[in-house]
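Subject: Structure handover

Hi,

Here is the structure I promised to pass on. Please open it and keep it beside this message while you read.

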Amino acid sequence: MENNISKIGVFTSGGDAPGMNAAIRAVVRSAIYYKKEVFGVMLGYDGMIAGDFVKLGARSVGNIIQRGGTILKSARSEQFRTKEGRKKAFENLKKNGIDSLVAIGGDGTFTGLKIFFEEFGIPSVCIPGTIDNDIAGTDYTIGFDTATNTAVEAIDKIRDTAISHNRLFFIEVMGRHSGYIGINCGIAGGAVATIIPEEDITIEQLFDKLDEGGKTNKKSSLVVVAEGSKIGSAMDLAKKFSERNNYFDIKVTILGHLQRGGTPTCFDRMLASKMGVAAVEGLIHGKSGTMIGIRSNQIVYNSFETIIHSKHDIDPEDVRISKILSI
Ligand code: F6P
């Protein structure tokens with residue numbers, strides 16, 4: 001089944017992720033390859049509601065494959081949650097002849113697009129772009145690889161100073177409700193413990209582990225805490241542990257938004273390029289209402305129904321490995 005589309009609107013929405021620009025470039029260039037016009041929608045759904053569109057050509061996306069952030073800017077739109085906002089967005093698209101959409105973002109973006117697709121029937125395809133890697137239907141989301149590499153590089157640096165001063169660091173990483181970034185940083189950064197929302201560990205169990213290290217002459221340690229931790233933030237845990245510990249000098253580092261920026265890795269550029277082409281080809285071949293995924297290195301199209309309200313679970317094997325290696 002072919003879709004008779006001629007003008008594609010592309011936008012980024014939700015938290016930015018390194019590699020989004022590479023995805024925009026791939027969408028624009030493959031659309032032009034297939035003789036379609038492309039418009040960039042600025043600032044995600046907010047730009048759609050404001051009618052902020054910019055025509056993109058092959059040259060407008062030159063020199064961006066290596067850049068972090070998103071040239072189209074991004075937002076988490078409150079207005080698009082309202083029927084009125086979505087109606088306005090649709091009218092603007094119609095006025096500008098935009099007859100199909102490619103959204104690059106995370107679960108909030110897809111939920112918005114699913115509703116929009118059901119209300120107005122505009123052919124739409126999503127590309128998963130978020131550092132959290134928490135989207136069902138894909139092994140990887142764009143930005144996760146870069147963000148974890150950025151975080152691990154920072155953790156390595158913290159380790160140098162931790163060892164020099166015999167210190168215990170609690171390092172907080174992003175991931176919202178997902179422990180994907182956390183478990184990867186914990187294993188690759190050599191943490192003594194990794195606290196993720198998916199795993200039930202009590203504060204007592206964590207502190208016993210740290211005490212054990214203290215008793216066995218462990219002079220410095222790193223604890224990775226995912227921001228979704230159910231037993232407290234890095235700051236909370238450090239404060240509580242300092243009340244009972246008398247051997248470690250304790251410090252806290254919250255890596256925060258530095259994980260979102262920077263030059264995308266080769267992996268993220270490749271992923272973004274493959275997904276961008278797949279999105280345009282999917283639109284042309286009538287695969288609307290889907291999100292592109294990569295499973296076992298193969299591109300797949302997931303229906304909105306199968307990915308919304310589901311989550312990409314972390315691999316229990318990674319949790320097991322992290323325990324074996326953190327003695
Ligand atoms: O979804 C990406 C992410 O960076 C999460 O890891 C984090 O919880 C959230 O966005 C932060 O959002 P904001 O940039 O709006 O503070």
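A pocket here is an open set of grid points, on a 1 Å grid over the protein atoms alone, with protein on both sides within 12 Å along at least five of seven lines. By that definition, the space taken by the ligand is the largest pocket. One caution before the details: this is a predicted model.

**The ligand**

Start with the residues around the ligand. They are Arg-76, Thr-130, Ile-131, Asp-132, Met-174, Gly-175, Arg-176, Glu-227, His-257 and Arg-260. Asp-132 places a polar side-chain atom 2.7 Å from a ligand oxygen. For Glu-227, a side-chain N or O atom is 2.4 Å from an oxygen atom of the ligand. For His-257, the distance from a side-chain N or O atom to a ligand oxygen is 2.8 Å. How much of the ligand's accessible area does the protein cover? On its own the ligand has 400 Å² of accessible area, and the protein covers 75% of that.

**Salt bridges**

Next, the charged pairs. The structure holds 17 salt bridges. Here are some to find.

- Glu-78 and Arg-81 join through their side chains, at 3.4 Å from N to O. Glu-78 is exposed, and Arg-81 is exposed too.
- Lys-114 pairs with Glu-118, and their closest N and O atoms are 2.8 Å apart. Both residues lie in helix α4, which spans residues 107-120. They are four residues apart, about one turn of the helix.
- Asp-139 forms a salt bridge with Arg-295, with 3.2 Å between the closest N and O atoms. What does this pair tie together? Asp-139 lies in the loop between β5 (124-128) and α5 (144-165), and Arg-295 lies in strand β10 (residues 290-295), so the bridge ties together parts that are 156 residues apart in sequence. Asp-139 has 25% relative accessibility, so it counts as partly exposed. Arg-295 is also partly exposed, with a relative accessible area of 40%.
- Glu-204, Asp-208, Asp-211 and Arg-244 are linked in a network of salt bridges.

**A glycine in a strand**

Now go to Gly-105. This residue sits in strand β4, residues 100-105. Is Gly-105 buried or exposed? Its relative accessible area is 0%, so Gly-105 is buried, as the cut-off is under 20%. Thr-12 is 93 residues away from Gly-105 along the chain. Still, the C-alpha atoms of these two residues are separated by 5.8 Å.

**Two backbone angles to check**

Last, look at phi. Most residues other than glycine have a negative phi. Which way do Asn-166 and His-309 go, positive or negative?

Asn-166 has a positive phi of about 50°, although it is not a glycine. You will find Asn-166 in the loop between α5 and β6 (167-173). At 36% relative accessibility, Asn-166 counts as partly exposed.

His-309 has a positive phi too, of about 75°, and it is not a glycine either. This residue is in the loop between α10 (304-307) and α11 (316-325). His-309 has a relative accessible area of 82%, so it is exposed, since the cut-off is over 50%.

**Where to begin**

Begin at the ligand and find Asp-132, Glu-227 and His-257. Then trace the salt bridge from Asp-139 to Arg-295. Finish with the positive phi angles of Asn-166 and His-309.

Best wishes

How values were computed. Residues numbered from 1 in each chain as written. Predicted model: local features only at pLDDT ≥ 70, side-chain atom pairs only at ≥ 80, totals over all residues. Heavy atoms only, no water. Salt bridge = Lys/Arg side-chain N within 4 Å of Asp/Glu carboxyl O. Buried < 20%, exposed > 50% of the residue type's maximum accessible area, 1.4 Å probe, protein only. Helix = DSSP H or I, 4+ residues; strand = E, 2+ residues; numbered from the N terminus. Near = heavy atom within 4 Å. Polar contact = N/O pair within 3.5 Å; in protein donor to acceptor, adjacent residues only side chain to side chain. Areas by Shrake-Rupley, 256 points an atom, 1.4 Å probe, with all protein chains shown as cover. 1 Å grid on protein atoms, 1.4 Å probe; cavity = no way out; pocket = protein on both sides within 12 Å on 5 of 7 lines; lining within 4 Å. Sits in = over half its atoms within 2 Å of the grid points.
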